[in-house]
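User: I'm new to this one. Can you walk me through it?
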Amino acid sequence: MFTKTKVAALGAAAAIALAACSSGDDGGAEDVSAGDFPEGSTMAALAEAGSITIGTKFDQPLFGLQAPSGDPEGFDVEIGKIIAAELGIDEGNIDWVETVSANREPFIEGGQVDIVVATYTINDDRKEVVSFAGPYYNAGQALMTLSETTDIESPDDLAGKNVCSVEGSTPAANIAENYTDAELVLFGAYTDCLQPLRDGQVDVVTTDNVILAGYVAESDGEFQVVGEPFTEEPYGIGLAREDDEFRSWINDLLEEIFDDGRWLDAWNETAGTVLPEPEVPSVDRYEVG
């Protein structure tokens with residue numbers, strides 16, 4: 001993993017790692033080197049190191065779900081692989097770190113990860129702590145119930161209901177702020193909500209529609225998504241707040257893959273097996289205040 005404190009330690013070992021990276025093409029890495037990027041940039045340092053640490057979810061079907069191999073798979077994971085490949089980094093040299101909703105900003109700030117691609121909604125509060133490239137996908141908050149539930153069709157039906165979500169997530173914050181008659185039940189991961197829903201300990205689970213669609217697809221008819229999405233959740237790639245150069249580079253890459261078909265290919269191979277083809281988002285090149 002690259003962090004600012006490790007630049008001085010790259011040296012000869014990093015050159016060896018780069019040689020190993022550039023000698024193989026099984027991970028789809030581009031034939032690039034540190035010299036292809038501005039001197040002193042994060043891109044140059046990562047290319048020189050020949051490795052990258054990416055935070056993602058391990059519990060969300062279609063976007064980031066841990067496979068039997070131990071590595072995650074899904075749309076977010078494919079976006080991370082594309083970024084790594086453009087830095088000349090093979091898939092085998094990506095260190096995947098599980099990030100849950102509550103630790104994404106601390107992991108970026110503390111240098112445990114280089115980027116986060118983890119159904120990570122861009123919002124103003126988070127922009128005060130980290131920076132975002134993207135969005136690369138636009139989701140929306142929705143509700144999931146047992147298939148036999150008939151009395152919940154929208155967030156207006158949540159009064160007196162036990163609503164399960166995840167600590168540190170924007171869906172949980174939305175319920176707490178705007179649907180105060182609901183009883184909010186918080187866990188560390190969305191998968192922790194599934195058994196309480198089955199057992200009747202909670203009435204409904206809320207998060208982004210695409211995450212819930214993954215759980216429904218795996219539930220063999222046990223769960224259903226009800227109503228329509230009631231927020232806008234633009235997913236971005238989280239990185240260090242002051243690293244405008246790296247953010248601009250990722251934004252350029254996103255616009256490139258929107259146009260050349262790689263973004264849609266990544267979607268069709270993962271989330272697109274269940275969900276309809278999405279509209280191409282527009283990158284938000286906001287200024288860091």
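User: Which residues in H3 meet which residues in H10?
Analyst: This is a predicted model. In H3, Phe 75, Glu 78, Ile 79, Ile 82 and Glu 86 make the contact. On the H10 side, they meet Arg 262, Trp 263, Ala 266, Trp 267 and Glu 269.

User: How many nonpolar, polar and charged residues does that contact have?
Analyst: The contact of H3 with H10 has 6 nonpolar and 4 charged residues. No polar residues take part.

User: At what angle do H3 and H10 pack, and how far apart are their axes?
Analyst: The angle is about 145°, and the axes lie 8 Å apart. Helix H3 covers residues 75–86, and helix H10 covers residues 262–269.

User: Is the crossing of H3 and H10 left-handed or right-handed?
Analyst: The crossing is right-handed.

User: Now the sheet. What is the order of its strands?
Analyst: The order is S10-S9-S11-S8-S12. That is an open sheet of 5 strands, with mixed pairing.

User: Which strands stand at the edges?
Analyst: Strand S10 (183–187) and strand S12 (223–226) do. Each has a single partner strand, so one side of each has no neighbour in the sheet.

User: What does the twist average?
Analyst: From one strand to the next, the twist averages 35°.

User: In what sense do S8 and S12 pair?
Analyst: Strand S8 (residues 141–146) pairs with S12 in the antiparallel sense, over 4 bridges. Met 144 stands opposite Val 225 in S12.

User: Which helix packs on the sheet?
Analyst: Helix H8 (residues 209–218) does. Helix H8 touches S8, strand S11 (204–208) and S12. The direction of H8 makes about 125° with that of S11.

Notes. Residues are numbered from 1 along each chain as its sequence is written. This is a predicted model: local features need pLDDT of at least 70, side-chain atom pairs count only at pLDDT 80 or more; totals for chains, interfaces and linings use all residues. Side-chain values use heavy atoms; hydrogens and water are left out. Two strands pair if DSSP finds at least two bridges between them. Helices (H or I, at least four residues) and strands (E, at least two) are DSSP runs, numbered from the N terminus. Axes are lines fitted to C-alpha atoms, for helices over the stretch in contact, and angles run from 0 to 180 degrees between N-to-C directions. Contact means heavy atoms within 4.5 Å. A crossing is left-handed if the near helix is turned anticlockwise from the far one by less than a right angle, and right-handed if clockwise. Ala, Val, Leu, Ile, Met, Phe, Trp, Tyr, Cys and Pro count as nonpolar, Asp, Glu, Lys and Arg as charged, and the others, Gly among them, as polar.
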